[in-house]
Each structure stands twice: as structure tokens, then as C-alpha cells.
Amino acid sequence: MLFIYVSAVSLIKTKKGILNIKVGEYTFYQKAGNYKKSKKRWCCTQNKYCKALLHTVDNKIVSFCNEHNHERK
Ligand SMILES: [Zn+2]
């Protein structure tokens, strides 16, 4: 599987204790419903209609789409 190298990736925790992935200036939250799978889908936190998303397998980013259809807040 192709490993996408993305610079400036960090894991952050929200005030509610939820793990988010921060990539550059954007933050991604884990989509509900797949917590038990090793492959996880993460979506942009800023706009629920945003198409940007990333997938992780075993805590590694395996695909990354950084196409945001909104202004950065
Ligand atoms: Zn976005």
C-alpha cells in the first residue's frame, strides 16, 4: 500500500478528550462507526461538507486528500 508522506502531522486531543489529527493548518476527526477496524477514516473538522479526508491503517496515514471546499477558519 502506498504510504503518503505528509509533513507537519500531529495528534492532538480536543478539550473533550477526543483524538484528532492535525495536518498543516487543518484538523481531522475520526468518523464514527469504525473504531474497531484498523483502517480509520478521518474527516475535516471545519466543515461537514468538506471533501478533504484521510485514512489511517495502524496509525499510519495511507491516503490523504487535502481538497478543502471552504475557507480556513
Ligand atoms: Zn476542510
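**Entry 1: strands 2 and 3**

I began with strand 2 (residues 19-23) and strand 3, which run antiparallel and are joined by 4 bridges. I take strands as DSSP runs of E with at least two residues, numbered from the N terminus. I call two strands paired if DSSP finds at least two bridges between them. Val 23 has Tyr 26 in strand 3 as its bridge partner.

A note on the source: this is a predicted model, where local features need pLDDT of at least 70, side-chain atom pairs count only at pLDDT 80 or more, and totals for chains, interfaces and linings use all residues. Residues are numbered from 1 along each chain as its sequence is written.

**Entry 2: the elements**

I listed the elements next. The chain has 0 helices and 6 strands. A helix would be a DSSP run of H or I with at least four residues. From the N terminus on, I read β-β-β-β-β-β.

How do the 6 strands form a sheet? I find an open sheet in the order 1-2-3-4-5-6, with antiparallel pairing. Strand 1 (9-13) and strand 6 (60-65) are the edge strands, and each pairs on one side only. From one strand to the next, the twist averages 30°. For that angle, axes are lines fitted to C-alpha atoms, and angles run from 0 to 180 degrees between N-to-C directions.

**Entry 3: strand 1 and its hairpin**

Strand 1 pairs with strand 2 in the antiparallel sense over 5 bridges. Ser 10 has Lys 22 in strand 2 as its bridge partner. The hairpin of these two strands has 5 residues between them, and there Gly 17 takes a positive phi near 85°.

I then checked burial. I count a residue as buried if 20 or more other C-beta atoms lie within 10 Å of its own, exposed if 12 or fewer, and partly exposed in between, with C-beta atoms placed from the backbone. Strand 1 is hardly covered: of its 5 residues, the count of buried ones is 0. Over the chain, 8% of the 73 residues count as buried.

**Entry 4: strands 3, 4 and 5**

I followed the pairing onward. Strand 3 (residues 26-30) and strand 4 (residues 39-44) run antiparallel, joined by 3 bridges. Tyr 29 stands opposite Cys 43 in strand 4. Strand 4 is joined to strand 5 (residues 53-57) by 5 bridges, and these two also run antiparallel. Here Trp 42 stands opposite Leu 54 in strand 5.

**Entry 5: the core**

Which residues make up the largest nonpolar core? I noted 6: Ile 21, Val 23, Phe 28, Trp 42, Cys 44 and Leu 54. Such a core is a set of buried Ala, Val, Leu, Ile, Met, Phe, Trp, Tyr and Cys residues joined through C-beta atoms within 7 Å. Strand 2 and strand 4 each supply at least two residues of this core.

**Entry 6: two positive phi values**

I looked at the loop between strand 5 and strand 6, where Asp 58 is found. Asn 59 is found in that loop as well. Phi of Asp 58 is near 50°, a positive value in a residue other than glycine. Phi of Asn 59 is near 65°, also positive and also in a residue other than glycine. Most residues other than glycine have a negative phi.

Is Asp 58 buried or exposed? Asp 58 counts as exposed because it has 8 C-beta neighbours inside 10 Å. Asn 59 has 9 other C-beta atoms within 10 Å, so Asn 59 is exposed.

**Entry 7: strand 6 and the segment after it**

I picked Ser 63, which lies in strand 6. Ser 63 has 15 other C-beta atoms within 10 Å, so it is partly exposed. The C-alpha atoms of Ser 63 and Arg 41 are separated by 9.6 Å, with the two residues 22 apart along the chain.

I ended with His 70, found in the segment after strand 6. His 70 counts as exposed because it has 12 C-beta neighbours inside 10 Å. What does His 70 touch, leaving aside residues up to four places away in sequence? It touches Gln 46, Asn 47 and Cys 50. I use contact for two residues whose C-beta atoms, placed from the backbone, lie within 7 Å. The C-alpha atoms of His 70 and Gln 46 are separated by 8.4 Å, and the residues are 24 apart along the chain.

One figure for the chain: among contacts between residues at least 6 apart in sequence, 21% join residues at least 24 apart.
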